[in-house]
Amino acid sequence: MFIDRNLLLKPGGFYLVALSGGCDSVALLRVMIELGYHIAVIHCNFQLRGEESERDERFCEELCNSQKVPFHRVHFDTREYAELHHISIEMAARELRYQYFEQLRKDICADAILVAHHQDDTVETVLLNLIRGTGIHGLQGIKPKNGHVIRPLLSMTRNDIENYLSSIQQTFITDSSNLIADIKRNKIRLKVLPLLREINPSVSESITLTAKHLNDVAKVFDNALQESVERVTLVRKADRYVVDIDKLEREISPEQTLYSILKNFSFSSVQIESIACSLDAPTGKKWLSNTHEAVIDRGTLVIAPLLDASNKVLKVPETGCYVWDDKVKFNITSHVITPEFKPSHDPDKITIDAEKVFFPLIIRYTRQGDRFHPFGMAGSKLVSDYLTDLKLSLVDKQRQIVIEDAKGKILWIVGRRIDNHFGVTRQTKGVLTLALMNE
């Protein structure tokens, strides 16, 4: 049995059945009742077809009452949601439906949501993805289980479903919009598949079998791709992902490996293709997604969250503890020098001459043109050049924090070096201690 073979449902489980009133969902409801599962029903009224929508809701409620199944309903203003989010009506309905399904599942403590996709839906999905352009995953069709969404009827054809309902004399309703070839999926169902069946009457079974084979192939592909990703990855952190370009270019398919990495950082297929073609670009070449930047830097590709360095400023009016972000804070204290005093040699804690510092202090990211006098060195140096000498990447340089005083003098390249001007001398009477604390 398909359900047992794919470990979809468990005895004693509680499941939420999505019921539209059409033949597929009605068959799903009746099958679950016949198999003895503990279920409740959810019906979505998208308010898109006037009286038809109200008819569908009444039918579903009456069916559940007759079968003594708990009935839940929800009404959506689908058109308003689509306009607000600038998406199609079809996409709006999908988002609203699945968001509410999951919310209700949690509220009533159901184990999963059951939807009535069947074999013909898999065929339509494969053809639709093929028309749009897809990779191997788009040709796998619909999976029996995706998170908390389960599809128990995926092995049945539409004819199987209609024959089952006929055998138990169960009526259903027909959505008139499904009979009009005005959206892509309907065109495939009503026009493309009938033509393909003229060539091969078993085309649905053939496509389903191909999708099953490709599902197995995809597992091998994904495993090999993950190994490729591991080989080319130098750094994998929340604030940084670094790829070795030379290793990447030696992989069998550099673009596929790169796609597997960059898709997780909101880069589009077009951008990833551009990056793959520009791996030999000079240091500084940059691409931006909605959430991240990818930068070529001395033989590596560095991916990091976007940073608005210009507006990130923390004003420090006096000594105390100051929070920079959820991971970094500064503790600033002052005290008089005692005979036991020793300057700090900890890079995350500095001791400087308090009389030479003017409040308020400003904590910020480094900016172009910043200059300071590195402690222990003669003359001044651009902060950018100093960080380059330390072999920091462009991304790290952008994220370097500095602290300056009220006169605009940089007193500390945080975690690295203080300015000569603020160093403790034999004449120093009071010390200001600045400590960086990482959570």
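I shall begin with the chain as a whole and then turn to an annotated site.

This is a predicted model, in which local features need pLDDT of at least 70 and side-chain atom pairs count only at pLDDT 80 or more, while totals for chains, interfaces and linings use all residues. Residues are numbered from 1 along each chain as its sequence is written, and side-chain values use heavy atoms, with hydrogens and water left out.

The chain contains 14 helices and 22 strands; these are DSSP runs, numbered from the N terminus, with helices being H or I of at least four residues and strands being E of at least two. Its C-alpha trace spans about 100 × 50 × 40 Å along the principal axes. Of the 439 residues, 43% are buried, where buried means under 20% relative accessible area, with a 1.4 Å probe and protein chains only.

Now to the site. UniProt, in an unreviewed entry, places a "binding site" at S20, G21, G22, C23, D24 and S25; the positions follow the numbering used here, feature names are shortened, and annotations may be inferred rather than shown by experiment.

Where does G22 lie? G22 is in the loop between β1 (14–18) and α2 (23–35). G22 counts as buried because its relative accessibility is 17%. Leaving out residues up to four places away in sequence, G22 touches F172 and I173, contact meaning heavy atoms within 4.5 Å.

C23 belongs to helix α2. C23 has 12% relative accessibility and therefore counts as buried. Beyond its neighbours within four places in sequence, C23 contacts I161, E162, L165, F172 and I173.

Notes: Buried means under 20% relative accessible area, exposed over 50%, partly exposed in between (1.4 Å probe, protein chains only).
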